[in-house]
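Please look over the notes below with the coordinates open beside them.

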Amino acid sequence: MKQRIRFGSAPATAAGRIFDRILSNPLAWARTLLVRSIRWQITGWYTLLLAGMMVLFSAGTYVAVYRLLIENFDESLASQANLLVNTIGFENGELMITNDSLRIGRVNNEHLIRVYRADGTLIYNDNSIEQANALAASVPLALAGERQHFAIEGREGPMRVLTVPIFDGTRTAGALQLGLSLEDVGDTMRALLKALLILAPGVLLLASCGGFFLASRALGPINRITRAAQQISAENFSRRLDLRGPNDEIGRLAHTFDAMITRLQLAFEQQRRFTADASHELRSPITAIIGQIDVAVERTRDAESYQATLLSVREQAQRLARLTNDLLYLARSDAQPKPVLKEPIDLGQLLPAIVAQLEPLAEARNQTLQIQLPPTLLTHGNEDDLIRLFLNLLDNAIRYTPIGGSIAIETGTHTTNNQPTIHVAIRDTGPGIAPEHLPHLFERFFRVDRGRTRAQGGTGLGLSIAQTIAQAHGGQIQATSTLGQGSTFTVTLPCGSIQTLC
Ligand code: ADP
């Protein structure tokens with residue numbers, strides 16, 4: 001009766017439970033192991049391959065050794081047959097044999113000596129093997145002068161037989177057949193087979209253990225990577241692999257993984273900051289609106305007071321509308337980063353139209369707004385987006401430049417990396433931006449002076465949106481500034497036509 005081995009009636013330890021599960025269904029366990037572990041897969045394939053190679057090698061060795069032994073056996077058979085042939089004399093052209101003369105050919109018990117006359121008659125036979133036909137078949141060939149090796153089944157196992165012609169001068173006077181037992185060869189081959197059958201599985205087992213050890217060593221760091229990756233979460237982005245070792249495949253994987261986590265951490269922190277900033281920005285006007293309404297309804301007021309409250313509420317609502325509008329635009333461009341840029345756009349016409357739109361604002365602040373550009377300046381893109389880009393930059397220039405200041409728009413073309421490009425520079429005589437703030441200008445919700453710029457109606461998203469649009473058009477915006485003298489925002493866009501026309 002088959003009995004399942006159990007570690008007690010109910011295994012108490014975890015190892016006991018695992019063993020019990022393995023023994024209850026070893027096949028399923030082996031399949032799970034192979035599917036889930038590359039280490040076992042490598043070892044399995046390696047062992048399978050090695051087993052195939054060992055079978056081939058063993059079979060090859062067996063055949064080669066057998067052939068070599070038979071070759072040697074045939075050589076010694078031939079030299080003994082020659083010896084025997086030399087003991088045979090002739091009388092009047094007839095073969096002369098005495099039993100004693102052929103006795104020297106008897107090397108062991110299991111042997112065969114037969115002599116035939118030229119007409120094929122058997123005249124000497126010292127072994128009564130019942131394979132007369134097989135033996136006689138080679139005689140005509142020997143009488144025709146050919147030597148022939150073949151095997152027959154003797155009384156105590158296989159024998160190797162050689163039939164040679166007997167010459168009397170140049171005439172074939174008969175044939176001699178010498179057969180010897182292949183017992184020694186058989187013994188050697190059996191010993192070889194035994195050795196191969198014992199050695200091969202042993203070598204295979206050792207090699208498989210070696211393969212498993214090497215695979216474990218090679219894949220060990222991957223387990224560490226997996227464990228580290230499991231520990232990384234949104235709350236714990238600081239974890240790194242910091243794998244020290246050679247710059248091999250695993251080393252490169254670990255470095256790439258660390259670099260990826262760093263990028264993810266940055267993106268995640270950016271996202272978190274953005275969400276916090278966005279909710280803060282949205283809350284401020286709402287709080288202001290609620291506060292103003294609360295004050296207004298506290299007691300009965302005159303019409304003028306209500307009107308002032310309503311105007312202020314309207315201003316806050318407009319700010320909210322601008323903010324949600326900008327947030328929506330960024331969310332859309334994040335979701336679909338690259339618009340299809342096909343429309344040809346002439347900045348020579350677009351820029352003056354934008355300037356005309358903003359002129360009343362500049363005039364109200366007593367600022368001069370100058371534009372200098374060639375009649376055509378072709379690019380490709382989305383007209384609404386490009387209007388938004390230049391409106392944002394010009395609006396900033398007007399808002400941040402003091403009353404009486406000046407704003408100039410200069411355009412030009414140049415070649416960067418063999419690509420003709422357009423640049424539009426917007427210079428103002430505003431307060432300028434400190435060098436430490438320049439790298440952050442295009443970040444979402446970045447403001448040099450939070451309180452003041454918010455009071456001026458900005459959302460903190462204008463430059464970020466402008467940069468997003470420029471990049472989507474294959475260009476970019478660069479800011480340079482000297483504190484106290486003014487700032488220049490330069491937009492670079494790809495040329496929409498050949499250089500002379502753009
Ligand atoms: P905002 O809506 O606050 O203007 P922006 O993204 O357009 O947001 O600009 C970000 C910050 O960059 C501004 O708050 C301001 O501090 C600074 N800035 C932008 N343009 C200028 C400029 N022409 N001169 C001085 N500072 C500027």
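The numbered points below take the ligand site and then the aromatic pairs.

1. This is a predicted model, in which local features need pLDDT of at least 70 and side-chain atom pairs count only at pLDDT 80 or more, while totals for chains, interfaces and linings use all residues. Residues are numbered from 1 along each chain as its sequence is written, and side-chain values use heavy atoms, with hydrogens and water left out.

2. Oxygen atoms of the ligand lie 2.8 Å from a polar side-chain atom of Asn396, 3.1 Å from an N or O atom in the side chain of Arg399, and 2.8 Å from a polar backbone atom of Leu463. The protein buries 97% of the 530 Å² that the ligand exposes when taken alone (accessible areas by the Shrake-Rupley method with a 1.4 Å probe).

3. A search of the whole structure finds two aromatic pairs (Phe, Tyr and Trp rings, the last by its six-membered ring, with centres within 6.5 Å; planes under 30 degrees apart are stacked, over 60 edge-to-face, the rest tilted). The rings of Trp40 and Phe212 have centres 4.6 Å apart and planes at 45°, so this pair is tilted.

Definitions and conventions
A polar contact is a pair of N or O atoms within 3.5 Å; within protein, one must be able to donate a hydrogen and the other to accept it, and residues adjacent in sequence count only if both atoms are side-chain atoms.
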